[in-house]
Protein chains: 2
Amino acid sequence: MAVYTEISDEALRAYLSDYSLGELVAFRGIAEGVENSNYALKTTTGDYILTLYEKRVDPAELPWFLGLMRHLAAHGLSCPQPVAARDGEALRELCGRPAAICTFLPGVWPRRVRQGHCGPLGAALAELHAAGTGFTAERPNSLGPQSWAPLLDRCRAGGDAVQPGLIAELDGQLEGILRAWPRDLPRGQIHADLFPDNVFFLDDAGGAPRVSGLIDFYFACTDFLAYDLAICLNAWCFEPDFSFNITKARAMIHAYQSLRPLTEAELAALPVLCRGAAMRFLLTRLFDWTHTPAGAMVTRKDPLEYLKRLRFHAAAQDIHAYGL
Amino acid sequence: MAVYTEISDEALRAYLSDYSLGELVAFRGIAEGVENSNYALKTTTGDYILTLYEKRVDPAELPWFLGLMRHLAAHGLSCPQPVAARDGEALRELCGRPAAICTFLPGVWPRRVRQGHCGPLGAALAELHAAGTGFTAERPNSLGPQSWAPLLDRCRAGGDAVQPGLIAELDGQLEGILRAWPRDLPRGQIHADLFPDNVFFLDDAGGAPRVSGLIDFYFACTDFLAYDLAICLNAWCFEPDFSFNITKARAMIHAYQSLRPLTEAELAALPVLCRGAAMRFLLTRLFDWTHTPAGAMVTRKDPLEYLKRLRFHAAAQDIHAYGL
């Protein structure tokens, strides 16, 4: 939950005067979102989201993110659309930060994931991967496997205070992951952070959840498509007690494959991709945990939740562990 | 910023099924608000605010608060209206907590107070006091002067760690405040927490701010009307460097008096009412500061900001210090 920057009403009005969005009606901070400041903006022409990009986003990369969102929407994916100001430019500045207004997406993110969410999520992920084809600009995954050893090194001093023996266990796990990491799999534009709070659902006429849109593309990058699925298996298919729900996983993978069948190589790589995805979130959480001063007004997420996931994946012999 | 309770989509749908509000369109946590969990709810019939009342609100008092909001709106004040469900009941339960849906108010709260806000705020306060006439049920001010000595006692152990000598200074100040506290002034329903984030503004046709609504009545109570003005003087008329802006104060008081002239006794009491208001916010902040575990996910507000206000009021000889 994050509103880092307070925007004065004069600054807001001056900012909006560059757009043709009608008169300001309401403006509220949104509790969701960790990296940037998000505000619900209502004008006489409708609802929008105003985002101020805070320090964790590199301003030089914003045109790539906004360009990807435009491309995905132009190819049928429901995701926020950057709104251009009168001069045609969507990426602007407000309160000394890069800022953009995007369209508002209807829907509700699932606070508790049910099996019925996982099929639609798998299909939406395949649609995202299909829609990304043709967006040829590449963005390397700055949190990909090459980043994990340096990240682990920066957690070395404080890590064992989180749990005794943690660093040694992670050294062993990481060595195994990097040794088994695939060299060559189908690549493309991936979301790389498709957690439940980034996926909106609405019920269809029969009361079943359908995906109404995907948000928050600011970790998106160019990487193995199946790695995105591995991230989703981590984010959607573990129960609150960290047991793996094979029924949810099967629903997700089947729905994904109904639109984009996985290759033999992708299926064989899925366990190590899942281990890698668990390692990635474990390490960034561990870094935040060990580098955030106590009392800072930031929600620190427990890194050990991902140690449990990592152990599950490490024990998985093959794709059968994921319901296939 | 506060969303304390995560509501599952099933729970939300079940809750909404008791209302005639159309289909769910969107549901987002709102960053503003400290005491309760607030969500922006959009349905096919419009925008609403869903509030879950967290532990600081006594459920037994909620009917009084909602009744006051209904009464004020029926008497012309723009404030959130509790929306009744199909059974006629507005106060319900969700996720084990009392919950209510209120109407959505347009407007933007001023992140930075300008002089142009203070006149309209003063007038809105007088309108609130007028609209409250006729709502005869009383709610004692649980954070009134009788509560300050016990609150200070509970800060005694930790207070001097916030600033050396703080407790002795507060003992002296409190003694002076309670000695000078008025016995009898015009009483009525007061908001008692009318800070800028509880007042929405929109620009009128000429671009000048006008109050579009008041929110968050969960500290409202029956007390001296002029004490509400004293709270607003504290909340709106100090600059970021804690200097007192006499021009803002004059604008606020004049606008208030244009609708409800203050009595001689109220004018004479204003300095001590201001001291008391500063003491009240200082003490609750100091209590929170000294009783919140480091690392808790709550924004602790600096109590010493109110020590500076308190010292200003203590030095004020009379109403001239406030621009009159």
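**Figure 1. Y306(B) and its ring partner in chain B.** In this predicted model, Y306(B) is buried, with a relative accessible area of 1%, where buried means under 20% relative accessible area, exposed means over 50% and partly exposed lies in between, for a 1.4 Å probe and protein chains only. The rings of F281(B) and Y306(B) have their centres 5.8 Å apart and their planes at 40 degrees, so the pair is tilted. Rings of Phe, Tyr and Trp (its six-membered ring) count as a pair if their centres lie within 6.5 Å, and the pair is called stacked when the planes are under 30 degrees apart, edge-to-face when they are over 60 and tilted for the rest. F281(B) belongs to helix α8 (residues 264-291) of chain B and Y306(B) to helix α9 (residues 304-315) of chain B, and the pair links these distant parts of the chain, 25 residues apart. Helices (H or I, at least four residues) and strands (E, at least two) are DSSP runs, numbered from the N terminus. F281(B) is buried too, at a relative accessible area of 6%.

**How the views were prepared.** Residues are numbered from 1 along each chain as its sequence is written, while chains are lettered from A and ligands numbered from 1 in the order in which they are written. Since this is a predicted model, local features need pLDDT of at least 70 and side-chain atom pairs count only at pLDDT 80 or more, whereas totals for chains, interfaces and linings use all residues; side-chain values use heavy atoms, with hydrogens and water left out.

**Figure 2. Charged side chains over aromatic rings.** The charged end of R309(B) sits over the ring of Y306(B), at 4.3 Å from its centre. A charge is said to sit over a ring if NZ of Lys or CZ of Arg is within 6 Å of the ring centre and within 35 degrees of the ring normal. A second case involves both chains, for K42(B) lies over the face of F104(A), 5.4 Å from the ring centre.

**Figure 3. Aromatic pairs, with an example from chain A.** Over all chains, the count comes to 32 aromatic pairs. One of them is formed by F244(A) and Y322(A), which are edge-to-face, with 5.5 Å from centre to centre and 85 degrees between the planes. F244(A) lies in the loop between α6 (225-236) and α7 (246-259) of chain A, and Y322(A) in the segment after α9 (304-315) of chain A, so the pair ties together parts that are 78 residues apart in sequence. F244(A) counts as buried at 14% relative accessibility, and Y322(A) is buried with a relative accessible area of 0%. Elsewhere in chain A, Y53(A), W64(A), F65(A), F135(A) and Y218(A) form one aromatic cluster.

**Figure 4. Strand β2 of chain A and its partners.** Six of the seven residues of strand β2 (residues 37-43) of chain A are buried, so the strand is largely enclosed by the rest of the structure. Strand β1 (residues 24-29) of chain A pairs with β2(A) in the antiparallel sense over five bridges, and two strands count as paired if DSSP finds at least two bridges between them. Within this pairing, A40(A) in β2(A) is the bridge partner of R28(A). β2(A) also pairs with strand β3 (residues 46-52) of chain A, in the antiparallel sense and over seven bridges, where L50(A) in β3(A) is the bridge partner of Y39(A). A hairpin joins β2(A) to β3(A) through two residues.

**Figure 5. An open sheet in chain B.** Five strands of chain B form an open sheet in the order β1-β2-β3-β5-β4, with antiparallel pairing. Its edge strands are β1 (24-29) and β4 (92-94) of chain B, each of which pairs on one side only. Strand β2 (residues 37-43) and strand β3 (residues 46-52) of chain B pair over seven bridges in the antiparallel sense, and G46(B) in β3(B) is the bridge partner of T43(B).

**Figure 6. Cysteines without disulfides.** The count comes to zero disulfides over all chains, a disulfide being a pair of cysteine sulfur atoms within 2.5 Å. C102(A) is in no disulfide, and the nearest cysteine sulfur, that of C79(A), is 8.6 Å away; C102(A) counts as buried at 5% relative accessibility. The sulfur of C237(A) is 4.7 Å from the closest cysteine sulfur, in C118(A), which is too far for a bond, and C237(A) is buried with a relative accessible area of 0%.
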